[in-house]
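I opened the structure to look up a few points and write them down. My notes follow the display.

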Amino acid sequence: MKQVVQNYKSGELSVLDVPVPGCKPGGVLVRSAFSLISTGTELMKVSEAGMSMVGKARSRPDQVAKVMQSVATNGLPATYRKVMGKLDSYTPLGYSLCGVVEQVGAGVDDVKVGDLVACAGNEHALHAELNWVPKNLYTPVPDGLAPQHAAFGTVGSIALQGVRQGEPQLGEVALVIGLGLIGQLVVQLLTAAGVRVVGADPDPVRCELAERLGAVACGDPGSAVVETAVAELTDGHGVDQVYLAAGGGSNQPVELAAQLSRDRGRVVDIGKCRLDLPWNAYYEKELDVRFSRSYGPGRYDPEYELAGRDYPIGYVRWTERRNLACFLDLAARGRVDVAPLISHIADFDDAVETYQCLKEGELKAVAVLFRYPGAEAGQAAQAPTRAVPEVRRPGRATAPARPAGTPVRLAFVGAGNYATSMLLPHLAQREGVALSTVVTTTALSAANAQRKFGFDRATTDLDAVLGDDSIDAVFVVTRHSSHAALTERALLAGKPVFVEKPLALTEDELARVLAAVEESGNDRLQVGFNRRFAPLLREARSHFGARSGPASLRYLVNAGRLQHGSWYLQQGTEGSRFAGEGGHFIDTASWLLGADPVSVYAVAPAGNEDLQIVLGYPDGSTATLSYVTTGAPGFPKETLDLVADGKVLELDDFVRASVHFSGTAGRKRWVSSRLPKARDKGQSAELASFVKAVRTGGPMPVPLESLVATTAATLAVQAALSGGAPVTLAGPK
């Protein structure tokens, strides 16, 4: 087998052919799929190996002290031979990987051959095709987590142990100094724990990445940005915790920690930075300085790591292995997102060149992965066929029509910006509609909506609305994370529901909504996919006409960057940005193509939120959706082309549309005759259709099966990204 090694004396890196390790009792033999390069720890070792002997001595004074002790004990000649022999030998690199169990040793019963596991340890999770890993240094990978993401398990455990040492509490403010790989993970873990985070790093790209991953503000340690943000968030008291995740010889991180900490704050050292503590600053604030030892309790204990003796959970809650499993669980549930941290994936055969590019600065990266032969098969196994949930309606009662001349009485749950700007203005002016009740979590926002749009009543009591027989339909226009639960409650109460996108953020949420439909027999549901109702697009589709062959659709969404502080950035609670609004574009494509998607493939460049998504349809049609945040702000937000049977439909941001087609009389063209007064993306027509369905008892504007299929396809995008392979969407059996 092959393994990456380094000669510490010469600094030479090699990929050597070495014997396959034996599968000893108490562990498993693992074939690597992906291993992670720690761009901090490993590059430090690589750089040290390239130094002169004097440079090596200066960088490791602890080892020099051991050498001097050996000289005193064993004499100079013996010590020299010992040191040179140790230096002039190959040492391994790597300590974090994911792979497939190839052989199980005696005494192991928690995994079997073929299982995917994440592995840790600088002697057991090496950059090698095969590794023997003892029981307490591996853990099974949760379903749905891609191998390349599970390879972050060890560094994730390091970050997690550091956060545990800081003992964060809900509502606190933390400062993370150093936004490399560990620092980025610490930011996400703290955010998931309900802590507001400020980051400090001289690299503006890393600062921007940390802000996208949850930090409130980030900036250069020497700038006023960090100090100002800390002052604003803490009312001038200083942060509760500081996490030192920086490296190098500067003492600035330690000094900045003292400057921005509150009285009796906690300073946690995770990285390897200079620690000349300024005595007065630390004494006057009585700062609590703590060290985080690698992956957690058990580290450096051979009885734990090699002999497999676990610590009782009642005495040691979080060990190395439990930290490893915990981090993988957080990643699998989307509480931590490692995908944006992956700057480059290199083939294992190119390991030496990759290290060289990193060392010389040609490759600037937060995280780099090695991909091993056969890794694609491991990815495909993590992206199975996903069933589109079946809609069941046992015992469904016919929806009654409203008596002639009586208005349709509506209740709104939520009165945020979208509701007050895009929905309520249309409804407030519509004849035959009465705005009955508005429900919000704060009394003032309900009062504002009542005053502005003329609701009969404003309240914070949702139960009172759902139990009010006079209310004919409920609008759910809250934050994304609450959509499914509120829709479920309203359906069970027998109300027709209009819920803004998304219908659900997870498959479990979607299943609960459909369970409510089945239990209540109430399928009166509409999701706010308004673009299919846009007059200009409907007119263009009419001119395009029917088609006989497969179509190719291209949809560019120039989404732009979110403003700082947007709740869309709260991915831990509100899901990804695409999960929130991507259904709009999938629904539009499916409506134009006249079918629901049967496959989803997605890729994302490292370091930003841009997505490239390919949807497959039953007749061979495809829709390519480019969802980008890095485009020019002045470019139109949505442009679309539909090509089939010698015809092309073009849509320019719901302002202009045209259809080009050819026939026996030569080329023809239809162009929208006039520009609309404003972009009409179909909200008014959609609302009219929903109100009509409620008034007449007729079918909802969009079949529930289509809403479910669009939601399932939107959720499958994340699965395709994680698995690195297309996801097949299969209908219910």
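These entries cover a sheet, a helix lying on it, and some salt bridges.

I noted that the model is predicted. I found an open sheet of 3 strands in the order β2-β1-β4, with antiparallel pairing. I wrote down β2 (13-17) and β4 (90-92) as the edge strands, since each pairs on one side only. From one strand to the next, I read an average twist of 50°. I then looked up β1 (residues 2-7) and found it joined to β2 by 5 bridges. I noted Val15 in β2 as the bridge partner of Val4.

Which residues of α14 are buried? I listed Ala351, Thr354, Tyr355 and Leu358. They cover an arc of only 95° around the axis, so they sit on the same side of α14. Just after α14, I found Gly361 with a positive phi of about 85°.

I read a count of 28 salt bridges in the structure. In one of them, Glu167 and Arg290 have their closest N and O atoms 3.2 Å apart. I placed Glu167 in the loop between α6 (153-166) and β9 (173-177), and Arg290 in strand β14 (residues 288-291), 123 residues apart. I also noted a network of salt bridges linking Glu167, Asp288 and Arg290.

I found a salt bridge between Arg577 and Glu581, with 3.9 Å between the closest N and O atoms. Both lie in helix α23 (residues 577-593), 4 residues apart, about one turn of the helix. Is Arg577 buried or exposed? Arg577 counts as buried because its relative accessibility is 9%, and Glu581 is buried at 10%.

Key: Residues are numbered from 1 along each chain as its sequence is written. This is a predicted model: local features need pLDDT of at least 70, side-chain atom pairs count only at pLDDT 80 or more; totals for chains, interfaces and linings use all residues. Side-chain values use heavy atoms; hydrogens and water are left out. Two strands pair if DSSP finds at least two bridges between them. Helices (H or I, at least four residues) and strands (E, at least two) are DSSP runs, numbered from the N terminus. Axes are lines fitted to C-alpha atoms, for helices over the stretch in contact, and angles run from 0 to 180 degrees between N-to-C directions. Buried means under 20% relative accessible area, exposed over 50%, partly exposed in between (1.4 Å probe, protein chains only). The arc is that of the directions from the helix axis to the C-beta atoms. A salt bridge is a side-chain nitrogen of Lys or Arg within 4 Å of a carboxyl oxygen of Asp or Glu.
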